[in-house]
Amino acid sequence: MKKIIAIALILSGFAGWLQAQTTIYVDAGQGKHTINKNIYGHFAEHLGRCIYGGFYVGEDNQKIPNTEGVRNDVVKALKELKVPVLRWPGGCFADTYHWKDGIGPKAERPSMLNIWWGNVKEDNSFGTNEFLNMCELLETEPYLSANVGSGTPQELADWIKYTNHPAGSSPMPDLREKYGRKEPWKVKYWGIGNEAWGCGGNMTPEYYSNIYRQFATFTTDWQNSDGIVRIASGASSSDYNWTEVLMKNIKHNMLEAIALHHYAVIDWGNKGSAKDFTEDQYFTIMQRALEMEELIQKHVAIMDKYDPQKKVDLYVDEWGGWYDSEPGTNGAFLYQQNTMRDAMLAGATLNIFNNHADRVKMANIAQAVNVLQAVILTEGEKMILTPTYHVMKMYNVHQDATLLPSEIHNALLYNHGKESLPAISCSASKTTAGDINISIVNIDAQKTNTVTVNLKGAKVGTVKGSVLKSGKIQDHNSFEKPDLIKPAAYNDFKVEGGNIKVTLPPFSVVVLNVK
Ligand code: AHR
C-alpha cells in the first residue's frame, strides 16, 4: 500500500511538473515583417507641463541648461531612448491651434487661451521652428497634427509649404527663410485632425470622411508626389464603425494611415490614484491594457476587408494609462506618477504592437514628459526617468528588427478573485546583426513564474538579460529617490538542451539577448 501511495505521489508530482512547463516557442527562421521603429514613438502636446517646463524652458533660462530653450537633460535622456518619432502639438489642442501664431519674433506672437487644458495662457513662444529644430536635436522624425476642427485646408496647405517646400518657391518658404531657416525640414507625417469624433469637432464618421478627403486633397498636390504620410483621425477604442466608414468612404490613394486611440482607464468618472492603488485596480488596468490585442485584431480585420494588400497602416497614436492627477497639482494638467504598474502596461502593450508589425507601423505613448504615462518627469531643475522609460529603453532593441513569430504553450494565468488574465506576454525579433531579442512580461502581482524559451531554427550561444522589477507594484521613482527602479543584469535563467529556462519575478519585465 505504501508503495502505491509513493508511486501515486511521484506521478502526481510529475503531472504537476508537466503542467508547469509553459513554453514560449520562437520561430527564428520565419521572420517576415519588420518591427517599425516608429512603434516606439512619443507624443507631446501643449498640455500642462509637457512643452513648457518639460521640454522647453526658454532661451533666457540661466538655471536649467538648455539649447535654444530646450532642456539638455531631457534631450540627452530621449536620445538615449532612441525616440523615432514625436507627435505635436496635440491632441485636442491641435484643433484649436493656428500655426501662424507660433512663428516669427516671439514678442510679436499673439497669445491665446488653451481651452482644453485649464484655460491657461499660451504665449506661442514654442512654435513650428522651435519644435522642428528640437526634433533635429533629438534626431527624431516630427509628426505634425493639423487643425481640422477649427482650421482650414488653406492653413494646412500653407503649413506644408512653410515646412517642406524649397526657398523661393512661394510666399510660405520665403517666410521661413525670413524667420531664419533656409532649408526645409521635410516633415513626412501629417495628422488630418485629431479625435474628430470628439474634441476635434464632434463629427460623424461620414461627415469626417468628406472633410478628410477635402483636407487631404490640399496636403500637397493631387498625386502626393512629396511622399507625405496622411493620417486620418481614427477610432476611439472599440468604435469599429468609425474604421469601417473611413475605410469605405476614403479613397485609399489619399490615405496612408489611420489612427487608433486607446487609454487604459479604470472608470472615466473615478480613475483612481496613479500610485496608491489596490491589486484590484492594478488588475483592472491590466485588463484594459490587454484589450489592445482584441482592438487591433478587430480594427485590422475591417481594414483587411477594404485593403487586403495592407497599403493603409494602423497607427496607435495615443495609448497609455490614465489616472487621477497628482493631488495638489492642477487637475487639467494631467500630471501623474508612474509605477511598476505602468511598466507592466508598457511592456505588455509593446509586445502586442510588435506582434502586429505587419499592420501597426507607428504608436505614440501619451505623453513624453509630465503628462499621463510619461517617460520623464521634471520639477524645476530636476528630472527623473520613470519605469515606463526603462521598459521602452530595454525594448528599443526591437526597433527595425525582424519580428519572429512566437507562441506560448500551456499559458499561465494570473488569477485574481474570480477573474484571470494571461500572466505572460512576449515578443521576439532578430536584428540585422543576427542577435535574437526576446521581451517577456510576467504581469502576475503575486507569483514568480517559470517559462522555457524554445528557439526553433537557431542555436543558443551566449545569453544575456536585463530585468526591471521591484518589491511593490506601487513602487516608483521620485525626485527624492530617482533610481529606486532601474534595469539590472538578469541571471535567473539556465540554458538546458538548447532551451532557455527563465524564472520571472512577480510583475517584472525581462529582455533576453541571444547570440
Ligand atoms: O492625451 C490627452 C488627450 O487625450 C488628447 O489631447 C486627446 O487626443 C485625448 O483625448
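Which residues does Glu 45 touch, not counting residues up to four places away in sequence? Glu 45 touches Cys 50, Ile 51, Pro 89, Gly 90, Gly 91, Cys 92, Phe 93, Trp 117 and Gln 367, where contact means heavy atoms within 4.5 Å. The model is predicted, so that local features need pLDDT of at least 70 and side-chain atom pairs count only at pLDDT 80 or more, while totals for chains, interfaces and linings use all residues. Residues are numbered from 1 along each chain as its sequence is written, and side-chain values use heavy atoms, with hydrogens and water left out.

View 1. Glu 45 is found in the loop between strand E2 (41-43) and strand E3 (66-67); helices (H or I, at least four residues) and strands (E, at least two) are DSSP runs, numbered from the N terminus. A salt bridge would require a side-chain nitrogen of Lys or Arg within 4 Å of a carboxyl oxygen of Asp or Glu. The side chain of Glu 45 reaches the backbone nitrogen of Cys 92 at 3.1 Å, and a polar contact of 2.9 Å joins the side chains of Glu 45 and Trp 117. A polar contact is a pair of N or O atoms within 3.5 Å; within protein, one must be able to donate a hydrogen and the other to accept it, and residues adjacent in sequence count only if both atoms are side-chain atoms.

**View 2. Positive phi at Asn 119 and at Glu 195.** Asn 119, a residue other than glycine, has phi near 55 degrees; Asn 119 lies in the loop between E6 and strand E7 (120-122) and is partly exposed, with a relative accessible area of 45%. Glu 195, which is not a glycine either, has a phi of about 40 degrees, lies in the loop between strand E9 (189-192) and helix H6 (205-217), and counts as buried at 12% relative accessibility.

**View 3. The salt bridge between Asp 317 and Arg 87.** The side chains of Asp 317 and Arg 87 meet at 3.6 Å, N to O. Asp 317 lies in strand E12 (residues 313-321) and Arg 87 in strand E5, so the pair ties together parts that are 230 residues apart in sequence. Both Asp 317 and Arg 87 are buried.

**View 4. The salt bridge between Glu 291 and Arg 288.** The two side chains meet at 2.9 Å, N to O, and Glu 291 and Arg 288, being three residues apart in helix H8 (residues 279-306), are separated by about one helical turn. Glu 291 is partly exposed, with a relative accessible area of 30%, and Arg 288 counts as partly exposed at 25%.

Key: Buried means under 20% relative accessible area, exposed over 50%, partly exposed in between (1.4 Å probe, protein chains only).
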